[in-house]
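Thanks, I will keep this short. Please have the structure open while I talk.

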Amino acid sequence: MYELRDYLNAINFTKENLLDTDDKTWEKKYPPFVINKCLSVHYDCIAQANEMNGYHFLDKNVQFHFYINSIRKKKRFGGKWLSQAKLKNLQYVKEYYGYSNEKAKDALNILKDEQIEHIKNTLSKGGRTR
């Protein structure tokens, strides 16, 4: 209960008003930053997520109502987030090949681990490692 997916399902699909129930814990547990981050991955929610980033100081209830009433009803499943290790490798590939983010992501899917290690060794600037 009070899980992130419940909030996202209410915003995206069921349009159920979770925060206006008698249980005030729904409003206390609502994570506005995480909701903004999750919704900003979807192309049709970027404008709403950006708007809420600008009005981050509003009450949680107001933010939730804004999303429920402005985002169209649609099943949206999790976006693709890169892990920290992949983000580091992405930087290496971008620098080595001079690629943009999208091209580097595609290249990461193709490259083998040995090739990524070779790129890391080639770009190593020396010095002490932690």
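I start with a definition: the radius of gyration here is taken over C-alpha atoms, and the globule rule is 2.2 Å times the number of residues to the power 0.38. By that rule a compact globule of 130 residues would have a radius of gyration near 14 Å, but the protein chain has 20 Å. Its C-alpha atoms fill a box of roughly 60 × 30 × 30 Å, taken along the principal axes.

Now the ground rules. This is a predicted model, where local features need pLDDT of at least 70 and side-chain atom pairs count only at pLDDT 80 or more, while totals for chains, interfaces and linings use all residues. Residues are numbered from 1 along each chain as its sequence is written, and side-chain values use heavy atoms, with hydrogens and water left out.

The protein chain has eight helices and zero strands, where helices (H or I, at least four residues) and strands (E, at least two) are DSSP runs, numbered from the N terminus. Buried residues make up 26% of the 130 residues; buried means under 20% relative accessible area, exposed over 50%, and partly exposed in between (1.4 Å probe, protein chains only). Of the contacts (heavy atoms within 4.5 Å) between residues at least 6 apart in sequence, 57% join residues at least 24 apart.

The axes of H1 (residues 4-14) and H3 (residues 32-39) come within 11 Å and cross at roughly 55°. Axes are lines fitted to C-alpha atoms, for helices over the stretch in contact, and angles run from 0 to 180 degrees between N-to-C directions. H1 and H3 are therefore oblique to each other: under 35 degrees counts as roughly parallel, over 145 as roughly antiparallel, 65 to 115 as roughly perpendicular, and the rest as oblique. On the H1 side the contact is made by Leu4, Tyr7, Leu8, Ile11 and Asn12, and on the H3 side by Val34, Ile35, Cys38 and Leu39. By class, this contact has eight nonpolar, one polar and no charged residues. Nonpolar covers Ala, Val, Leu, Ile, Met, Phe, Trp, Tyr, Cys and Pro, charged covers Asp, Glu, Lys and Arg, and the others, Gly among them, are polar.

Lys15, in the loop between H1 and H2 (25-29), has a positive phi of about 60° although it is not a glycine. Lys15 is partly exposed, at 25% relative accessible area.

Ala49 is in H4 (residues 46-54) and is buried, at 1% relative accessibility. Not counting residues up to four places away in sequence, Ala49 touches Asn36, Ser40 and Tyr67.
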